[in-house]
Amino acid sequence: MSAPAPTQSLFRQLPQLGQLMDTPELAPLCQQFSRELVADTLRALLAHLRDEIARDVHTDLTLRAELATLLPTLTAQLEARTTPSLRRVLNATGTLLQTNLGRAPLSQAAIARIAETARGYANLEMDLATGERSRRDVHAGSLILDLIALRKALPAQTFRQSRAAIVVNNCAAATILALNTLAEGGEVLVSRGELVEIGGGFRVPDILRKSGAILREVGTTNRTRVADYASAITPNTRLILRVHQSNFRIEGFTERPTLDQLLDLSRTSSIPVFEDQGTGCVIPLPTGDNDANWLDSAASSAALVACSGDKLFGGPQCGILVGDRAVVQQLRANPLFRALRVDKLTYAALEATLLAYLTGNESTIPVLAMLQTPAEAIRTRCEALAQALSANFLHAEAVPTQSVIGGGTTPGATLPSFAVALRHPTLGATSLAAHLRTLNPPVVARISERAVLLDLRTIAPEDDSLLLAILTRAFSPQPEPPQR
Ligand SMILES: *Cc1c(COP(=O)(O)O)cnc(C)c1O
């Protein structure tokens with residue numbers, strides 16, 4: 001079927017890709033973005049126009065307009081295609097640990113150690129004293145043990161003789177490695193109240209099955225007693241698993257054995273206890289959530305304790321396993337350990353984070369600094385930002401709010417905080433929040449009572465001026481109108 005004559009003439013106005021590629025105007029773009037990328041982008045642009053003509057979208061006038069702006073359109077598309085998809089964002093949600101936003105920001109010291117280690121070579125697996133090959137897992141191990149011992153007022157040397165620590169990719173990897181090493185082919189006792197999904201598809205029953213262990217459920221969803229574990233022990237029982245209730249809370253008629261009670265059972269039954277503790281929390285939480293404390297678990301006699309490095313620990317993504325020396329030796333010997341090991345950059349950032357704790361400089365760890373910022377300090381910053389924004393095309397006021405820790409640490413616990421509540425004369429809260437995510441860097445906010453809330457607890461104070469600058473640019477009295 002042939003198109004009507006006017007359409008044919010529109011088609012004829014479209015330049016050929018080959019001709020365009022040889023025009024001098026494209027030379028700088030080819031230089032900057034490569035000839036292949038420019039040609040590919042241009043081909044798609046021309047195909048799009050061809051498609052629009054076929055669908056009768058264009059008149060002679062509109063097509064001419066498109067062709068006149070072909071070069072800027074091409075440049076914009078090339079810039080978009082070469083912008084990294086992973087970008088920095090400003091987290092104004094007030095949620096300290098958001099898996100969606102990359103969890104813990106790193107300390108300056110950790111960033112510096114990553115840069116230094118990444119730039120050249122490192123003694124990742126070399127003992128510099130002998131020049132011989134060594135193991136990479138020696139790097140953070142003794143600092144982890146020192147941290148636990150010193151915080152618990154235990155003599156570090158003695159503690160190090162009986163315990164050991166290794167690092168893997170994340171806490172999920174730590175859990176798989178632990179279950180596979182200690183319970184493959186055998187039964188693992190887990191309370192029905194702990195057969196949970198942590199998030200991102202981490203489901204305790206699935207992880208257990210994949211590790212080759214057999215799940216043996218004990219107790220009920222709301223109440224499980226030590227006696228339930230004791231009566232479930234058979235000759236095939238290999239492990240007691242305790243999972244921190246990271247992202248949910250059971251209220252009402254509930255009961256759950258403490259770790260110490262399970263350790264008592266472990267002593268009498270000789271069944272080891274593995275706790276998937278998750279949070280990596282070293283400090284007492286202002287929310288008073290004691291079960292979130294990793295230090296207590298890590299200093300206990302549990303055969304193994306796993307936690308994330310990038311939750312309340314405030315370091316890089318990794319999973320930290322602490323436990324009985326002989327048990328950790330078994331983990332090291334498991335071929336899975338090789339597949340789950342971390343790279344030199346993770347060790348670099350983890351060691352810097354551990355050193356901050358060890359030397360009493362933990363306020364340099366961003367998550368801990370945010371956690372401990374008093375609400376009044378946040379109020380002062382919110383009032384200053386609201387004041388500075390009042391010259392703009394936005395209504396801004398400081399309002400009290402609640403921050404949450406998040407990231408699978410302490411369900412339901414909140415911290416009193418302040419936020420700047422933004423209202424736009426024409427955009428609703430959802431559209432305004434969506435517009436904030438188009439800024440550079442994108443600002444991620446929360447919506448409450450038809451306003452967009454910017455909780456400054458999760459914005460570093462040194463970024464307040466950046467936040468003000470990008471909001472001012474977007475909403476100054478003579479702006480380009482925001483795209484809906
Ligand atoms: C967060 C969490 C995990 C998963 O940790 P990742 O580091 O994300 O793999 C596992 N178990 C518990 C109890 C957790 O809180």
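Start with the lining of the second largest pocket, which splits into 5 nonpolar, 14 polar and 10 charged residues (nonpolar is Ala, Val, Leu, Ile, Met, Phe, Trp, Tyr, Cys and Pro; charged is Asp, Glu, Lys and Arg; the others, Gly among them, are polar). Before you click on, note that this is a predicted model, where local features need pLDDT of at least 70, side-chain atom pairs count only at pLDDT 80 or more, and totals for chains, interfaces and linings use all residues. Residues are numbered from 1 along each chain as its sequence is written, and side-chain values use heavy atoms, with hydrogens and water left out.

**Still at the pocket**

The volume here is about 640 Å³. Of the 29 lining residues, select Arg242, Gln245, Arg256, Asp289 and Asp291, the closest to the centre of the second largest pocket. Helices here are DSSP runs of H or I with at least four residues, strands are E runs of at least two, and both are numbered from the N terminus. On a 1 Å grid over the protein atoms alone, a pocket is an open set with protein on both sides within 12 Å along at least five of seven lines, a cavity is a set of points where a 1.4 Å probe fits but cannot get out, and lining residues have an atom within 4 Å of a point. Points are joined across faces, edges and corners, and a volume is the space filled by probe spheres set on them.

**Next stop: the cavity**

How many cavities of 30 Å³ or more are there? The count comes to 1, with a volume of about 40 Å³ for the largest cavity. Select Thr175, Leu179, Phe202, Val204, Ile207, Leu241, Val243 and Asp276 to see its lining. The elements giving two or more residues to that lining are α10, α11 (204–210) and β7 (237–243). By class, the lining has 6 nonpolar, 1 polar and 1 charged.

**Follow α10 to α15**

Show α10 (residues 171–183) with α15 (residues 325–333): their axes come within 10 Å and cross at roughly 100 degrees. Axes are lines fitted to C-alpha atoms, for helices over the stretch in contact, with angles from 0 to 180 degrees between N-to-C directions. That makes α10 roughly perpendicular to α15 (65 to 115 degrees; under 35 is roughly parallel, over 145 roughly antiparallel, the rest oblique). Leu177, Ala178, Thr181 and Leu182 in α10 meet Val327, Gln330 and Leu331 in α15, contact meaning heavy atoms within 4.5 Å.
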